[in-house]
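Hi everyone, thanks for coming. Have the sequence and the 3D view open while I talk, and I'll walk you through a few places in it.

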Amino acid sequence: MQVEETFELTVDGAAAIGAVAGGWMDLTVLDAAEDAVPALLSAARERASGLDGILVRTHDDALGALLRRHGFRPSGAVAGRPRGNTEVTLVLRLASDAATDDGAVHPPKREVFDPPAMTNTDPKGFVREVEEFRETPFGLYVFRRADHPKFDAIESWLLPAFDLRATIFHFTPGHERDQRVYLDVARVRRDGNLWHTEDWYLDLVEHPGRPIELIDVDELLAAAAADLLSATVAERALQAAVRAVAGTAAHGHSVDAWLADEGAPITWR
């Protein structure tokens with residue numbers, strides 16, 4: 001389902017992050033004092049005007065009980081996402097709701113890049129040989145071959161100032177896709193000779209001549225609800241994605257043009 005909008009929602013004593021897709025608002029409540037819940041829900045209802053419903057996620061049982069008192073029904077009592085009628089439907093989903101679990105939420109994926117050793121250790125611990133590393137003031141370029149059935153090489157830029165990893169996949173014949181640069185929102189840091197990335201779930205796909213596509217917002221929200229990411233990190237991930245969407249929109253929907261204007265002139269093979 002394509003995400004139409006992502007946002008942060010804050011009132012005194014409460015904070016949430018959310019997304020709008022398919023006529024519904026998905027809202028992850030990060031923190032809320034009891035006396036702040038009415039104001040938070042009022043702000044959410046106002047933002048959800050014209051939508052079918054609000055699906056609220058929280059990992060906190062006490063907060064879940066509080067939300068129930070304000071009209072939210074447990075998702076286990078609702079078949080799928082109901083269509084709203086005259087009022088916005090309120091649905092509560094706890095992390096412990098096994099009946100409606102969307103699948104296990106994986107921890108952030110981490111990789112290590114070792115230029116002196118010419119290797120890349122992937123999230124599963126496999127050590128891959130790297131054909132080329134190139135360090136610049138704004139990031140690290142990586143090119144390596146791949147043994148994947150759909151692509152035979154990848155080249156990436158690790159860009160710490162943008163919280164991004166930019167990648168071009170070299171697809172094999174018959175597996176080409178209508179995409180150019182693929183952006184992973186991620187923490188990028190250097191520790192001595194090693195570079196580290198921690199994936200923050202959100203991805204953006206550059207389609208030539210069209211607005212960049214933001215995907216996997218649901219994964220970020222689920223990870224935040226499961227305490228796999230802090231509220232601060234989730235907010236930082238959203239900010240990185242919003243910056244990329246706005247930046248590419250102002251530069252002809254081009255990742256390269258936007259980054260060059262920001263002082264990171266990436267180049268590819």
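**A walk around the model**

Let's start with alanine 33, which is partly exposed, with a relative accessible area of 35%. For that word, buried means under 20% relative accessible area, exposed means over 50%, and partly exposed is in between, using a 1.4 Å probe and protein chains only. Alanine 33 sits in the loop between β3 (24–32) and α1 (37–47). When I say helix or strand, I mean DSSP runs numbered from the N terminus: helices are H or I with at least four residues, strands are E with at least two. The C-alpha atom of alanine 33 is 9.5 Å from that of leucine 66, and these two are 33 residues apart along the chain.

A quick word on what we're looking at. This is a predicted model, where local features need pLDDT of at least 70, side-chain atom pairs count only at pLDDT 80 or more, and totals for chains, interfaces and linings use all residues. Residues are numbered from 1 along each chain as its sequence is written, and side-chain values use heavy atoms, with hydrogens and water left out.

Okay, salt bridges. One of these is a side-chain nitrogen of Lys or Arg within 4 Å of a carboxyl oxygen of Asp or Glu. By that rule, the count comes to 15.

Find glutamate 132, which is partly exposed at 21% relative accessible area. Arginine 134 forms a salt bridge with glutamate 132, with the closest N and O atoms 2.8 Å apart. Arginine 134 is partly exposed too, at 29%. Glutamate 132 also meets arginine 269 in a salt bridge, 2.9 Å from N to O. Arginine 269 lies in the segment after α5 (255–261) and glutamate 132 in strand β10 (residues 132–136), so this pair ties together parts that are 137 residues apart in sequence.

Now try arginine 190 and glutamate 135, whose salt bridge has its closest N and O atoms 2.9 Å apart. This pair also links distant parts of the chain, since arginine 190 is in strand β14 and glutamate 135 in strand β10, 55 residues apart. Arginine 190 is partly exposed at 45%, and glutamate 135 is partly exposed at 39%.

Glutamate 155 is buried yet has no salt bridge, and the nearest side chain of opposite charge, arginine 269, is 5.3 Å away. For charge, Lys and Arg count as positive, Asp and Glu as negative, and His and the chain ends are not counted. What does its side chain reach, then? There is a polar contact of 2.9 Å between the side chains of glutamate 155 and histidine 170. The side chain of glutamate 155 also reaches the backbone nitrogen of arginine 269 at 3.0 Å. A polar contact is a pair of N or O atoms within 3.5 Å; within protein, one must be able to donate a hydrogen and the other to accept it, and residues adjacent in sequence count only if both atoms are side-chain atoms.

Next, a couple of backbone angles. Methionine 118 has phi near 55°, a positive value in a residue other than glycine. Methionine 118 is in the loop between β7 (110–114) and β8 (119–121), and at 31% relative accessibility it counts as partly exposed. Tyrosine 201 has a positive phi as well, near 75°. Buried or exposed, which is tyrosine 201? Tyrosine 201 is buried, with a relative accessible area of 1%, and lies in strand β15.

Last stop, helix α3 (residues 217–225). Its buried residues are Val217, Leu220, Leu221, Ala223, Ala224 and Ala225. As background, an α-helix has 3.6 residues a turn, so residues three or four places apart point the same way. After α3 comes aspartate 227, with a positive phi near 65°.

That's my tour, so over to you for questions.
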